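Welcome, and thanks for taking a look. Here is a short tour of one structure, arranged by topic so that you can follow along on screen.

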Amino acid sequence: MNKLFVIGDSFTVEPLKGEDKPYWIKQAADEIARLSGEPVAVSNASMMGSSQDWVSHGLQTLYNGGITPNDYLIIGLTHPNRFWYKEKRPDVTNPHLTDLDEMLDKEETRAVELYMRHIQRPLLDTIHLQNRLAYIAYQTRRQKLRRPIVIKCFEQQLGQCEFYPELNWANGILMDNIQRPEFWDPDLDENAVYWRGIDPRYNHMCMSNHNILGPRTGQALYNDTTLDLVNGYIAGIVQPGSLDDPEWVKREINPYTVQWNIDNNRKYKSMTSWAVKMGIREPTFKNETD
Amino acid sequence: MTLPQGPKLFIIGDSFSAQRPGTEHIDTWQKLVAERLSAERGETVHLVNSSLVGSSQDWCWGILQEWFWNEAIGPDDYLIVALTHPSRFWFLDRLPELSNSNVIDLDRHVSKDEASAIELFIKHIQRPQLDQILILNRLSYLAYIAGQQNLRRPLLIKCFEQDVYVADTFEELNWAKGTLFDDIQSHEFDTTRNHTDDVNDFWRGLDGRFNHMCLTNHKILAERVAKSLLENSQLDLSDGFVKNLIPHAWEVDFEFQKTELDYELVQKNLSSRTRWSPILPWKKRRGITSSHS
């Protein structure tokens, strides 16, 4: 059976067991199956909070005999400033985690803080990014594989890798073109204003947009065409009072996460990111304060 | 970036390929290779050597990416990458030469907080697994671009022994056999000297050789490198270089100093030898060990 391999961060991660909504990756596989007349199995190795280096590590395993020219591949390109600090915590990479300091010991947290302050910089991130993407392009060419779809989850400077012909770059960015425009006012702190806790959407997108993105992705993979993330998605779908509408919740987002936020009193907990609290990064939202 | 017209020999790497300013007239291997290529082709092959003493692989790849982005290297040019040790890290943007925590007095050049950042990075973050991911990606970049732009196969010379994983099967790369450190520079010393002894202690300062090799071996190396580039064949570093070149009494052997060493540097070392004291590397002094070792 042909496979659809997926690797990335929370924008591509599969729902937890027991959550049966057809997320966009599943819909992409179904679309390929419909177009090709053959079943397609999804093999999704994405991880919430992962970094590009962790994805690279997964791909170095996949390209070592794990993928064939009949298979398909989606790569969700997370932000290059995430860093895989601790081998055993590939999910602890993001300076905007609220509780990074609770996931590492004191000296490890200090190591991360000083790395961000003194060592990490866009030039270094970009050098690594060029090399990572070249690895993918090179293996695609070498093993005569289908062009992988590479989707930017966040805005980032691509430099020359944008022009590697072996990569099928999606047009647009998941964060900027789909997930943020879903809010009535995208500039407000989503966790505080809309969700009263952590984001309960599957892959940070409402199901209405999964239903658009999934089939489009399947078509782009099957036809080797550009996936458009810019036009035709639903904006303004999340209102400040959306959570009060049970039907909307059931239809568009993950009700289990909504309940989890209530059970854990998340709306009362500060959602200010660790890096903002430490003064390492600027606030992302206009009402993000300590 | 302004480059001369005509064919060029690009070199990037660390102290095994860097040129000390003011020594351009010396017959180092890089200069001799360019001359040999020029003679064979009947036209000048310009040497573009951007190597930097103490640099890391990331810094070198930053330069490579700049060259490729600007299409500085064409199918008629040559490229040599002297591959430094993958554990070196380009910690601070302004100090690309301070990448090797094993041998430098790093804390004399950086702030207290920066030194702490580097120390904790080595202790808690850097690990062979990350180095492996990064090196495979780097070498893929080089192989990919060389193939994409129809360039001559870049010649990769390992300065130090290192695992390059499956990259030694990338057909777009021309890997030299052996390493500069283990097969040439170490064997130039008297056999009584232990290879692990401190080089700076031996020279009473910086290594008195150009690129850690005596000029006799530069000539041999240059001939072989030129042949490898011209014939697209493998360069052999493992055999045929002169061993035990450095006489026991090198400090008073002026003829040897003049013909084989960086004479100016050696004189500087010797003039201050009474004041010379070995520098214990910062990493050792601080007792920094990786939590992964």
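**A sheet, a helix and a shared contact**

B:Ala82 stands opposite B:Ile157 in β4(B). Please keep in mind that this is a predicted model.

- Strands β3 (residues 78-83) and β4 (residues 155-158) of chain B pair in the parallel sense, over four bridges.
- They belong to an open sheet of five strands in chain B, ordered β2-β1-β3-β4-β5 with parallel pairing.
- The edges of this sheet are β2 (46-49) and β5 (174-179) of chain B, each of which pairs on one side only.
- On average, and with direction ignored, neighbouring strands of the sheet are turned by 15° against each other.

**The nonpolar core**

- The largest nonpolar core holds 145 residues, and those with the most contacts inside it are A:Ala134, B:Leu9 and B:Ile157.
- Helix α4 (residues 128-148) of chain B gives this core its largest share, 11 residues.
- Leaving aside residues up to four places away in sequence, B:Ile157 touches B:Ile80, B:Ala82, B:Leu83, B:Ala176, B:Leu180 and B:Leu235.
- As a general rule, nonpolar side chains in soluble globular proteins tend to be buried together.

**Helix α2 of chain B**

- Helix α2 (residues 57-69) of chain B lies across β1 (8-12) and β3 of chain B, and runs at about 150° to β1(B).
- At 1.5 Å a residue, the 13 residues of α2(B) should span 18 Å, which agrees with the 18 Å between its end C-alpha atoms.
- This helix, α2(B), is mostly covered, with 10 of its 13 residues buried.
- Among the buried residues of α2(B) are B:Trp59, B:Trp61, B:Trp67 and B:Phe68, while B:Gln57 and B:Asp58 are buried too.
- The buried residues of α2(B) pack against α5 of chain A, together with β1, β3 and α4 of chain B.
- Just after α2(B), B:Glu71 takes a positive phi of about 50°.

**Where the chains meet**

- The contact takes 30 residues from chain A and 32 residues from chain B.
- On the side of chain A that touches chain B, α2 (52-62), α4 (106-119) and α5 (122-142) of chain A each supply at least two residues.
- The largest share of that side, 11 residues, comes from α5(A).
- By type, the residues of the side of chain A that touches chain B divide into 13 nonpolar, nine polar and eight charged.

Conventions
Residues are numbered from 1 along each chain as its sequence is written. Chains are lettered from A and ligands numbered from 1 in the order in which they are written. This is a predicted model: local features need pLDDT of at least 70, side-chain atom pairs count only at pLDDT 80 or more; totals for chains, interfaces and linings use all residues. A nonpolar core is a set of buried Ala, Val, Leu, Ile, Met, Phe, Trp, Tyr and Cys residues joined through C-beta atoms within 7 Å. A residue is buried if 20 or more other C-beta atoms lie within 10 Å of its own, exposed if 12 or fewer, and partly exposed in between; C-beta atoms are placed from the backbone. Two residues are in contact if their C-beta atoms, placed from the backbone, lie within 7 Å. Two strands pair if DSSP finds at least two bridges between them. Axes are lines fitted to C-alpha atoms, for helices over the stretch in contact, and angles run from 0 to 180 degrees between N-to-C directions. Ala, Val, Leu, Ile, Met, Phe, Trp, Tyr, Cys and Pro count as nonpolar, Asp, Glu, Lys and Arg as charged, and the others, Gly among them, as polar. The expected span of a helix is 1.5 Å times one less than its number of residues.
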